[in-house]
Amino acid sequence: MHIPNYQEAKRRNKKEYRRVDYKINDKIKNKYLGKTFYLKTYGCQMNEHDSENIEALLVHLGFSKVDDYNQADLVLLNTCSIRENAHNKAFGMLGRLKHLKSEKRELIVGLCGCMAQEHSVVEEIMKNYPWINFVFGTHNLYQLPNIIDDAIKKNKQQIEVFSTEGDLVEGLPVIRANSHKAYVNIIYGCDKFCTYCIVPYTRGSERSRKKEDILKEVDELIAEGYKEITLLGQNVNAYGKDLYDNYTLGNLLEDIAQKEIPRIRFMTSHPWDFTDHMIEVIGKYKNIMPSIHLPVQSGSSRILKLMGRRYTKEEYLELFYKIKKTVPHVSISTDIIVGFPGEEEEDFLETLDLVEECKYDNAFTFIFSKREGTPACKLKDETTLEEKEMRLQRLNQIVNHYFLENNKKLEGTIVEVLVEGKSDKKKDMYFGYSDTNKLINFTSEYEVSVGDIVSVEITSAKTWSLDGKQVR
Ligand code: SAH
Ligand code: SF4
Ligand code: F3S
């Protein structure tokens, strides 16, 4: 049994990570043939991509996937800790599973992902959820086959969560959710320790994958016909710093852009690590999509300092304009937290000012959520939840206004769209994303297949999407 420990998770020992090739355990291949699994993923793209590995590992064990948890022999929740509501969702699901398990005793239930890295969650599970069969963390996902096998064989709760990262495991099997868009991890973990954020504890130290391993994965994806790759990391802009003297995200982007891949995206970028070289490279290559997620979190330098973000409002704006100037028709999106402890009306107004100035193409807005073990958790917080909710509403009104205003500018123009499929809601319409990552619904007189990149003339703009028709 391994239980997570925050003190250990917090430590940053500058050490070299061993890179090892994953060895699949052939002894238990297809051992559970005929059994089914249901996998529920919460949280960010990192978790979605982990789930693509988890699915492949389960399939190796012989399980096949079902879309209804009531029909499954094994239910696994890949969880997220970022805000309290993510927690609540997972615990809500556990409530339903407890009920199901009381009727179906042989049901196997497991929990993994970021919540599994939290000491308090694991304690709670050991105390109040003895019926959960197994728990494993983000650092030992690759052990899944043996953990599940043990949980079933021994009929005893298995808790296997490493507090800190171990080797950098390459070559995990993967079943990708999409046949033309793929995620590629480039860096794991985060060393930024923004004071509100739990990720540095749940995902460990920044560890870059070797460029050769990344480039090889990209080559394989190109050979398989993938059209778009998204380079993933909690802070992709720190790529390479722990591994190379002089090879950063700018170099990696350039090496990938020279390959025959039509679309390259990357996320997320912390403003602190954004270099001029990266901006130049993004501006130079047509296949690096002009869409950058640049979380600001707050427009008040005082709050930014309390958040540990390492930049002022002015520094952020300088970077923002540099990107706008260098990357033609770039769209910039952001994340904003309202109601950080100590945020006064004045600070909040500064956030609104910044939003008015940046006119973001997209923004994810959140109310501050206390995460146990983070420094912000201990800060005095006198603003009522009601007031915070009001601020969120006021902010959303403004960001939404600019989404629509920016979209309106696209009316009458032609955009390139990577086709995702037929629209669920609108009959006879296809949908896909533009180079600037906007959702486009369109009609077509031509033959259209998923994975095509087509030209669409925009006929009308909405707040969160655009309508158009294919042109040639
Ligand atoms: N690595 C990314 C962020 C990942 S989390 C980055 O730094 O840009 C995604 C977003 O969740 C963050 O940008 C932040 O806006 C929000 N977030 C993180 N912790 C939060 C908390 N405790 N309360 C509310 N929002 C939070
Ligand atoms: Fe969290 Fe900050 Fe790291 Fe993003 S950069 S994951 S917000 S600590
Ligand atoms: Fe959530 Fe973990 Fe991602 S906390 S946002 S799933 S890194």
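## A first look at this predicted protein

Cys-44 counts as partly exposed, because its relative accessibility is 28%. Here buried means under 20% relative accessible area, exposed over 50%, and partly exposed in between, with a 1.4 Å probe and protein chains only. Cys-358 is in no disulfide, and the nearest cysteine sulfur, that of Cys-194, is 18 Å away. A disulfide is a pair of cysteine sulfur atoms within 2.5 Å, and the structure holds zero of them. Cys-358 is buried, at 4% relative accessibility.

A word on the ground rules. This is a predicted model, where local features need pLDDT of at least 70 and side-chain atom pairs count only at pLDDT 80 or more, while totals for chains, interfaces and linings use all residues. Residues are numbered from 1 along each chain as its sequence is written, chains are lettered from A and ligands numbered from 1 in the order in which they are written, and side-chain values use heavy atoms, leaving out hydrogens and water.

Now for the whole protein. You'll find 13 helices and 21 strands; these are DSSP runs numbered from the N terminus, with helices (H or I) of at least four residues and strands (E) of at least two. The radius of gyration is 23 Å, close to the 23 Å that the globule rule gives for 472 residues, so the protein is as compact as a globular protein of that length. That radius is taken over C-alpha atoms, and the rule is 2.2 Å times the number of residues to the power 0.38. Buried residues make up 55% of the 472.

Next, zoom in on helix 8 (residues 249-257). Seven of its nine residues are buried, so the rest of the structure largely encloses this helix. Those buried residues are Leu-249, Gly-250, Leu-252, Leu-253, Glu-254, Ile-256 and Ala-257. Their cover includes these elements:

| Element | Residues |
|---|---|
| helix 7 | residues 211-223 |
| strand 12 | residues 228-232 |
| strand 13 | residues 263-267 |
| helix 9 | residues 276-284 |

Helix 9 is also where His-277 is found. Leaving aside neighbours within four places in sequence, His-277 is in contact (heavy atoms within 4.5 Å) with Gly-250, Asn-251 and Glu-254. His-277 itself is partly exposed, with a relative accessible area of 31%. Between His-277 and Ile-292 there are 15 residues in sequence and 15 Å in space, C-alpha to C-alpha.
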